[in-house]
Amino acid sequence: MGRGKVVLQRIENKISRQVTFAKRRNGLLKKAYELSILCDAEVALVLFSHAGRLYQFSSSSNLLKTLERYQRHIYASADAAVPSSDEMQHNYQEYLKLKTRVEVLQHSQRNLLGEDLAPLSTSELDQLESQVDKTLKQIRSRKTQVLLDELCDLKRKEQMLQDANRVLKRKLDEVEAEADPPPQAQLPWLGSSGDAMLSDGPPQPEHFFQALESNPSLQPTYFHRPCSNFLPEQVRLFSILRFCLCRFHTMDMNQQPVPAPGGCYPPAWMA
């Protein structure tokens, strides 16, 4: 069976207390010896019983040397923990310097904000003004640089969008070209809307066209012939030719003989 849990309190029975002390003392000394051997440590153990009897153990040859080493270590730690008076004085001077510097910086900050300007002299105000102007120049320069950087970014984005727009427009044109039917062949003298184009040149002045005096003998005679066998485009063409023939006849009838138009057929001299 396992040993029960030991309650950590003073043993009231004197005999039991002495027996427990003897057992645990021997175990403690054994553990100190094993620790010094296994870990190569310098161990010193001092133990007094309830009756005042001394028990000790030292891994070194002399227990006093271990105790002296212990005292030196304790005193050195205490000296390191408590600073000397010179060091304290130096620390206090550093504290005063830092405090003065903080006060000067706070006062300068208030002056830059436009506060506590009454005790300042003219030279100090001039110096403060120059400092503020220099600061404003630096701020404006930085602001300009930031705006230029943003403008460059916007231009780069605009160029990218324009490139993408051109690509999309090209694709849209290709799709529309594939979807639209091929254009029908048109006569060279017809316009894009199918109407006849009388002239591609500049408009003629008003004196170019002259009124024709009434002379029944010079009036052209038209012989109407059925045009049911012609296409609408040919009928429109012959109408244009008739109109042009009448204009040419009125403009220059002495230089050019005017033959009678043969119905729907164009004159032979214009061929």
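Analyst: Let's start with a term. A helix here is a DSSP run of H or I with at least four residues, and helices are numbered from the N terminus. By that count, His107 sits in helix 3. One caution: this is a predicted model.

User: Okay. How many helices and strands does the chain have?
Analyst: The chain has five helices and two strands.

User: In what pattern do they follow along the sequence?
Analyst: The pattern reads α-β-β-α-α-α-α.

User: What share of the chain is buried?
Analyst: Buried residues are 9% of the 271 residues.

User: Back to His107. Is it buried, partly exposed or exposed?
Analyst: His107 is partly exposed, because its relative accessible area is 30%.

User: Where is Asp116, then?
Analyst: Asp116 is in the loop between helix 3 and helix 4. Its phi is near 55°, a positive value in a residue other than glycine. Asp116 is partly exposed, with a relative accessible area of 39%.

User: What about Asp40, what is its phi?
Analyst: Phi of Asp40 is near 50°. That is also a positive value in a residue that is not glycine. Asp40 lies in the loop between helix 1 and strand 1.

User: Why does Asp40 count as exposed?
Analyst: Asp40 counts as exposed because its relative accessibility is 71%. The cut-off for exposed is over 50%.

User: New topic. How many salt bridges are there?
Analyst: The count is five. Side chains of opposite charge can pair when their charged atoms come close.

User: Which residue does Arg69 pair with?
Analyst: Arg69 pairs with Glu42, at 2.4 Å from N to O. Arg69 lies in helix 2 (residues 63-81), and Glu42 lies in the loop between helix 1 (14-39) and strand 1, so the bridge ties together parts 27 residues apart in sequence. Glu42 is partly exposed, at 36% relative accessibility.

User: Got it. What is the N to O distance between Glu12 and Arg10?
Analyst: It is 3.4 Å, in a salt bridge between their side chains. Glu12 counts as exposed, at 63% relative accessibility. Arg10 counts as exposed too, at 53%.

User: Where do Asp153 and Arg156 lie?
Analyst: Both lie in helix 4, three residues apart. That spacing is about one turn of the helix. Asp153 and Arg156 form a salt bridge, with their closest N and O atoms 2.6 Å apart. Asp153 is partly exposed, at 32% relative accessibility. Arg156 is partly exposed as well, at 47%.

User: Switching to rings. How many aromatic pairs are there?
Analyst: There are three aromatic pairs. In one of them, the ring centres of Tyr92 and Tyr95 are 6.2 Å apart and the planes are at 35°, so the pair is tilted.

User: Why does 35° make the pair tilted?
Analyst: Planes under 30 degrees apart count as stacked, and planes over 60 as edge-to-face. The rest are tilted, so the 35° of Tyr92 and Tyr95 falls in that class.

User: Which helix holds Tyr92 and Tyr95?
Analyst: Both lie in helix 3 (residues 85-112). They are three residues apart, about one turn of the helix. Tyr92 is partly exposed, with a relative accessible area of 46%. Tyr95 is also partly exposed, at 46%.

User: Last topic, the surface. Which residues form the nonpolar patch?
Analyst: Val46, Phe48 and Leu54 form it. Together they have about 280 Å² of accessible area. Phe48 is in strand 1 (residues 44-48). Phe48 counts as exposed because its relative accessibility is 53%.

User: And which residues make up the negative patch?
Analyst: Asp173, Glu174, Glu176, Glu178 and Asp180 make up that patch. Glu174 is in helix 4 (residues 122-179). At 47% relative accessibility, Glu174 counts as partly exposed.

Technical notes. Residues are numbered from 1 along each chain as its sequence is written. This is a predicted model: local features need pLDDT of at least 70, side-chain atom pairs count only at pLDDT 80 or more; totals for chains, interfaces and linings use all residues. Side-chain values use heavy atoms; hydrogens and water are left out. Patches are made of residues with over 30% relative accessible area and no salt bridge: like charges are joined within 9 Å, nonpolar side chains (Val, Leu, Ile, Met, Phe, Trp, Tyr) within 5 Å. Accessible areas come from the Shrake-Rupley method with a 1.4 Å probe; for residues, only the protein chains shown count as cover. A salt bridge is a side-chain nitrogen of Lys or Arg within 4 Å of a carboxyl oxygen of Asp or Glu. Buried means under 20% relative accessible area, exposed over 50%, partly exposed in between (1.4 Å probe, protein chains only). Lys and Arg count as positive and Asp and Glu as negative; His and the chain ends are not counted. The place of a charge is taken as NZ of Lys, CZ of Arg, CG of Asp or CD of Glu. Rings of Phe, Tyr and Trp (its six-membered ring) pair if their centres lie within 6.5 Å; planes under 30 degrees apart count as stacked, over 60 as edge-to-face and the rest as tilted.
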